[in-house]
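Hi everyone, thanks for coming along. I have one structure to walk through today, so please have it open while I talk.

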Amino acid sequence: MVQCNSADKCFQTFLESKSEFNTAFDRFKEQELKCGYGELGVCCRLCSNGPCRITPDSPKGVCGASADSIVARNFLRSVAAGSACYLHVVEATAHRLKSIATGKSPLKLRSEKSLKELAEVFEITESGTMATAEAVAERILSDLYNPRFEPMELVEKLALDKRVENWKKLDIMPGGAKAEVFDALVKTSTNLNTDPVDQLLHCLKLGICTGLYGLTLTNKLNDIIMGDPEIRIASTGFSVVNPDFVNIGVTGHSHSVFAGLIQLLESKEGQQIGIDAGAKGIRLVGLTCVGQDMQSRAGAANGESVFVGQAGNNFTQEGLLATGAIDLVASEFNCTFSGIEPIAEKLGIKLVCLDDVSKQTTAELLKDVLGNEKELAKQVAIMATEQYTSRRATAPIDIPEHGYNDVVTGISETNILDVLGGTLDPLINLIKDGTIKGVAGILGCSNLAAGGHDMTTVALTEELIKRDILVLSAGCTTGGLCNTGFCSCSASEKAGPGLQAVCKQLNIPPVLNFGPCLAIGRIEVVVNALAEAMGLDIPQLPVVISAPQWLEEQALADGCFGLSLGLTLHLAQCPPILGSSIVTKVLTEDLEQLTGGKVVVEPDAIKAADIMQQVIENKLSALGISSDANMVEV
Amino acid sequence: MKKKVINLSKCIGCKNCELACIEAHTEGGKVAAYLAGVQNSVRSRTKVELDNNGKRFPQFCRHCDEPACVEACMSGALQKQDDGLVICDTEKCVGCYMCVMSCPYGNARPSMGDKKIMIKCDACTDKDCMACADVCPTGCITVVEGDKAIEYIEEEKPCIL
Amino acid sequence: MHFVIVGSSAAGTAAARSIRKSGSSDKITIITEDSEFFSRCQLHLLASGRRTHEQANFLPEGWIDSADVNILWDTRVTGIAPGKHTIYTEGDSEIKYNRLLIATGSRSWCPPIEGIEGEFTFGLRNMCDADKIFSVLPFMQSVTIIGAGLVGCELAAELSAIGKTVNVIELAPYPLPMQLEESTGKRCSELMQKSGINMYCGKKASKIKRSADGIPKAVILDNGESIDTDLIVTAAGVRPNIEWLEGSEISTDKKGILINEYCQTSIPDIFAAGDVTVMEDILLRSVMPSPIWPTAIHQGRIAGINMTGGHESLTRNTGFRSSVRLLGNNIVSLGPVSRPDPAWEKQEIKYTNSRGQTCIKVLYMDDEHLRAAILWGDITDAGVYTDVIINNRDLPAKRELATSLDGAKFGKEERDIL
């Protein structure tokens with residue numbers, strides 16, 4: 001048995017049957033008790049006089065720092081690290097585009113349409129695909145590398161005018177994104193900044209860097225390199241794995257690292273590597289966000305689909321390996337758990353890392369070098385095939401019936417308009433006439449702490465759609481919602497009458513699957529567009545977001561973007577800020593007067609839905625759309 | 001005798017008492033003790049876990065008047081001493097773990113290292129102070145003079161931490 | 001006042017300690033067949049030579065003097081005349097008592113197998129059995145143990161560890177049939193087999209083949225299979241030592257002396273405690289022996305209190321508690337897992353903890369109550385399970401609580417399993 005529940009009962013049952021493996025679900029119990037200081041954020045380890053812990057009897061650190069300073073410092077450090085992660089991905093992707101554009105990387109570009117659109121936004125005048133691509137990449141890189149005193153140019157091109165106005169007023173227009181991260185580290189080092197408000201404003205700047213660059217632009221670049229998302233029906237869950245193939249599990253967030261491998265596997269030559277070893281070929285199996293990303297674009301690839309589907313979100317990876325059907329796991333970024341290492345060792349699964357930022361102890365590092373994509377792809381394919389040959393005779397394979405084969409996937413900020421018939425007006429009208437009571441983004445990670453794997457995500461989503469609130473989802477939340485059936489059209493049965501009718505009419509599920517956590521950026525573009533179409537600012541929209549089971553520092557950086565956009569952000573678990581009354585008050589109350597956004601913490605899914613619904617209702621009534629038609633029955 | 005008073009309202013779950021307990025019962029100082037605890041399974045005699053209501057509860061041997069562990073001990077290693085403490089003679093213990101099976105508080109623990117013996121609180125009788133109380137940063141664990149070995153108390157007003 | 005105690009093991013000595021603790025300084029005489037104090041639970045360690053006689057003494061050094069007791073070692077009781085407050089020992093000596101405690105325990109039962117009587121065939125119940133096994137071991141390579149209960153299994157593991165070829169024959173389909181159920185039983189069998197012990201479960205020994213001079217050659221199973229052997233140890237159960245009570249009007253059944261909750265026999269000034277007694281088991285609700293060390297100690301203590309005029313009673317009498325450390329695996333069995341009520345819902349929980357240890361919990365639940373449990377691997381919180389089972393604790397609203405009990409769950413609440 002696993003010692004922690006999952007909302008995905010089928011997965012849980014499978015994991016229970018694999019009791020010979022120690023997984024996060026077992027370790028969660030061992031780590032159940034949390035250190036109170038850590039939870040409250042009041043432990044400071046910045047100097048040799050410490051660690052200092054703030055208590056009522058000792059309310060100041062040796063240096064004199066208060067709980068407010070310590071909490072804010074710790075929080076800013078986390079946000080900076082999370083922001084750095086996403087900036088790493090956009091930087092790598094921009095370099096990839098530039099490398100392709102200059103002919104160094106032997107890869108093709110798969111969406112000229114997206115390139116053209118982005119070039120238009122950037123007001124790039126160069127002609128020719130490759131010259132345009134290079135200019136786009138250069139423009140992004142130049143912003144990222146700006147010093148802190150030079151504002152990033154693209155911010156004003158990407159953000160809503162009203163937001164830019166607000167950010168200028170608050171003086172949080174970011175300088176060079178990497179410099180902002182850098183100075184966040186400076187600011188939070190020993191005996192430097194102790195002003196909690198200044199540090200929180202810096203968090204908002206990092207949020208803007210994260211959202212516009214790390215998320216939105218990474219998506220655009222990936223669209224250009226990897227192909228645009230396409231709405232289609234796909235399969236998710238462990239059943240996507242076919243043991244007749246050499247199977248490569250992919251984890252991470254930096255999709256374009258796999259561009260070479262996908263290109264190789266789409267070729268006859270690539271598949272032949274597996275066929276020569278007696279397999280039917282070589283397949284990619286999705287895990288974590290990079291799988292979600294591949295899932296959203298798989299239809300865009302030419303020829304045979306080499307991506308079999310998304311197996312599951314972050315906390316399913318140990319279970320997927322336990323099926324024994326994966327021969328090699330290639331990881332290029334985070335959400336690759338160390339817990340897979342002993343399982344891989346036991347089952348003879350090869351682990352490779354394609355970027356040293358995600359180097360695992362027992363994995364082999366095969367560095368992704370620009371221009372070397374073809375060789376790397378071949379090396380990975382051969383390695384996986386060799387592993388297949390050496391392990392399959394003895395490795396026990398046990399793939400459960402798991403997942404759904406009618407998942408609607410590939411929704412993006414662009415093609416959602418196609419679903420709605422070209423403009424956002426139908427959605428606006430549905431909200432105005434009360435058929436749909438509002439829009440909620442269910443975003444981010446899964447964790448085990450909020451009642452168990454995907455437990456709060458599923459309970460909250462179920463509650464929201466029941467109340468006719470349309471749910472947009474991206475990240476591991478989506479992975480979980482796909483494997484619990486919420487991204488299938490049949491889930492409209494669980495929706496309230498208004499939403500259900502809309503779902504049936506448009507043939508969509510009540511939860512729209514945007515893919516990876518990077519696609520939180522896509523959802524925020526949709527929100528932008530909605531504001532534009534309605535002539536409003538974002539805080540006025542009947543939209544709320546929730547990261548019900550946020551896990552990591554990246555989620556905190558994402559959250560800061562939501563806050564800088566002026567959105568109300570629900571979290572089921574409080575970040576480590578409660579030790580400071582100032583930080584807590586700013587984030588949960590005062591911020592509303594600044595950006596329009598705020599944090600709401602509520603662990604109970606029903607109560608959280610009540611709060612989110614109330615927020616939407618208040619916004620609607622402020623807009624004067626609180627008609628009888630929009631009376632909400634709870 | 002020395003009485004350990006545990007004020008439940010003040011436990012913050014930092015586990016400093018666990019660490020100090022391991023250290024107090026391991027040769028070689030703090031880091032060695034920690035590594036021994038983490039890697040080689042020297043166990044702490046105390047453990048902080050959550051009670052039924054999700055509240056932090058530091059578990060300590062109660063040094064019972066009629067100790068079930070002593071009744072279960074077939075080697076004679078566990079004895080209730082005249083001073084009221086329940087002490088294990090680790091040379092005599094054969095690691096049958098009947099005490100583990102019998103302590104209703106879960107405070108008789110099997111060792112995890114190579115030496116298979118039971119592990120329990122010895123009230124730090126060979127030391128000047130009790131290690132767990134000594135390191136407790138919130139004053140949750142204190143030592144006073146009293147007529148029994150241990151007492152749990154809870155304040156009406158909960159600690160803000 | 002003269003307290004006479006027959007038997008010097010757990011129950012007998014616990015009674016003597018309890019009489020002293022109650023404040024009595026009256027004369028105490030212990031009559032015993034043994035030659036020294038020893039812990040019966042350690043006999044397998046003595047048989048293999050891992051521990052010495054001295055180490056097996058479970059009493060503090062100098063206890064006889066500090067407790068001020070008379071001891072008649074190597075003395076066998078042969079009869080009793082309750083009307084005369086007299087017991088008889090070998091050689092027809094008479095000993096008068098005011099209060100008597102019978103704590104004569106039980107002895108190995110020798111199963112009726114053709115050819116079982118003879119050389120190099122021992123039980124393992126007394127120090128002399130362990131000594132005999134230890135003394136002949138150097139000349140023996142193959143040992144066959146008949147019966148895979150606690151004694152049989154622990155001895156098998158000990159002898160296997162010192163390099164002997166060990167065969168274990170068990171009638172039940174798996175070892176430790178009183179402590180385990182099918183799934184853990186099979187696991188245990190595999191564990192023993194893997195460590196080199198030859199397991200013959202679900203088999204019956206039908207004959208012992210001996211050489212002309214009576215030395216064991218082989219054990220023949222009922223399926224005709226023949227197992228070469230040099231030494232045979234029977235560990236197939238015990239019988240109470242009650243024959244000397246015949247004609248005394250002390251109520252017995254074939255499993256032992258009937259006692260009430262004050263450890264009194266049918267004759268009020270005669271008490272009994274330990275393996276020789278039978279009483280209602282609180283978990284199975286059936287009159288039976290509770291042949292475990294902790295119960296023997298507890299009964300002895302209660303008897304001692306009542307013999308000095310106190311009024312303590314046994315409230316939680318049960319023998320369904322065992323802990324065994326077998327081949328590196330800790331196993332605790334609680335409640336009647338061998339005879340579960342068909343209405344109980346069985347749940348098996350298996351996981352690997354982050355130390356890589358396989359952990360199993362087999363739980364038998366009845367509504368909101370835990371009735372029986374087997375813990376395998378991590379037994380740290382076994383005592384908490386004992387408390388929950390023996391005290392019939394409600395596990396309100398949170399049945400899953402049973403899967404993860406630990407010492408913190410019931411907070412500061414006082415608990416008693418005795």
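I'll start with how the model was made and scored, then go through the contacts between chains, and finish with some local details.

This is a predicted model, where local features need pLDDT of at least 70, side-chain atom pairs count only at pLDDT 80 or more, and totals for chains, interfaces and linings use all residues. As for labels, residues are numbered from 1 along each chain as its sequence is written, while chains are lettered from A and ligands numbered from 1 in the order in which they are written.

Let's look at confidence. The model scores ipTM 0.95 and pTM 0.84. Per residue we use pLDDT, which is the predictor's confidence in each residue, from 0 to 100. Chain C has a mean pLDDT of 95, with 99% of its residues at 70 or more. Chain B averages 88, and 91% of its residues score at least 70. Where in chain B is confidence lowest? That is helix 2 of chain B, residues 29-39, at a mean of 66, whereas helix 4 of chain B is highest, at 98. A word of caution here: where pLDDT is low, the predicted coordinates should not be read in detail.

When I say helix or strand, I mean DSSP runs numbered from the N terminus: helices are H or I with at least four residues, strands are E with at least two.

Now the contacts between chains. Two residues are in contact if their C-beta atoms, placed from the backbone, lie within 7 Å. By that rule, 33 residues of chain B touch 36 residues of chain C. On the chain B side, the elements giving two or more residues are strand 2 (47-50), strand 3 (56-59), helix 3 (68-72), helix 4 (98-102) and strand 6 (109-110). Helix 4 of chain B gives the largest share, four residues. That side of chain B divides into 18 nonpolar, nine polar and six charged residues. For the classes, Ala, Val, Leu, Ile, Met, Phe, Trp, Tyr, Cys and Pro count as nonpolar, Asp, Glu, Lys and Arg as charged, and the others, Gly among them, as polar.

Chain C also meets chain A, with nine residues from chain C and 11 residues from chain A. Here the chain C side has two nonpolar, six polar and one charged residue.

Next, the sheets of chain C. Strands pair if DSSP finds at least two bridges between them. Five strands of chain C form an open, parallel sheet in the order 9-16-10-11-12. Its edge strands are strand 9 (121-122) and strand 12 (198-201) of chain C, each pairing on one side only. Within it, strand 10 (142-146) and strand 16 (231-234) of chain C run parallel, joined by four bridges, and Ile145(C) stands opposite Val233(C). Helix 6 of chain C, residues 150-161, lies across strands 10, 11 (165-170) and 16, at about 165° to strand 11 of chain C. That angle is between N-to-C directions, on a scale from 0 to 180 degrees, with axes fitted to C-alpha atoms, for helices over the stretch in contact.

A second open sheet in chain C has three antiparallel strands, in the order 13-14-15. Strand 13 (205-210) and strand 15 (226-228) of chain C each have a single partner strand, so one side of each is left without a neighbour in the sheet. Neighbouring strands here are turned by 25° against each other on average, direction ignored. Strand 14 (216-221) and strand 15 of chain C are joined by three bridges, and Ile220(C) has Ser226(C) as its bridge partner.

The hairpin has four residues between the strands, and Arg285(C) takes a positive phi near 55°.

Last stop, chain A. Which residues of helix 15 (340-347) of chain A are buried? They are Ile340(A), Ile343(A), Ala344(A) and Leu347(A). Seen down the helix axis, these buried residues fall within an arc of 100°, so they line one face of helix 15 of chain A; the arc is that of the directions from the helix axis to the C-beta atoms. They pack against helix 14 (317-322), strand 7 (328-331) and strand 8 (350-353) of chain A. Just after helix 15, Gly348(A) takes a positive phi of about 70°.

Finally, Glu230(A) sits in the loop between helix 10 (196-226) and strand 3 (232-236) of chain A. Glu230(A) counts as partly exposed because it has 16 C-beta neighbours inside 10 Å; buried means 20 or more other C-beta atoms within 10 Å, exposed means 12 or fewer, and partly exposed is in between, with C-beta atoms placed from the backbone.
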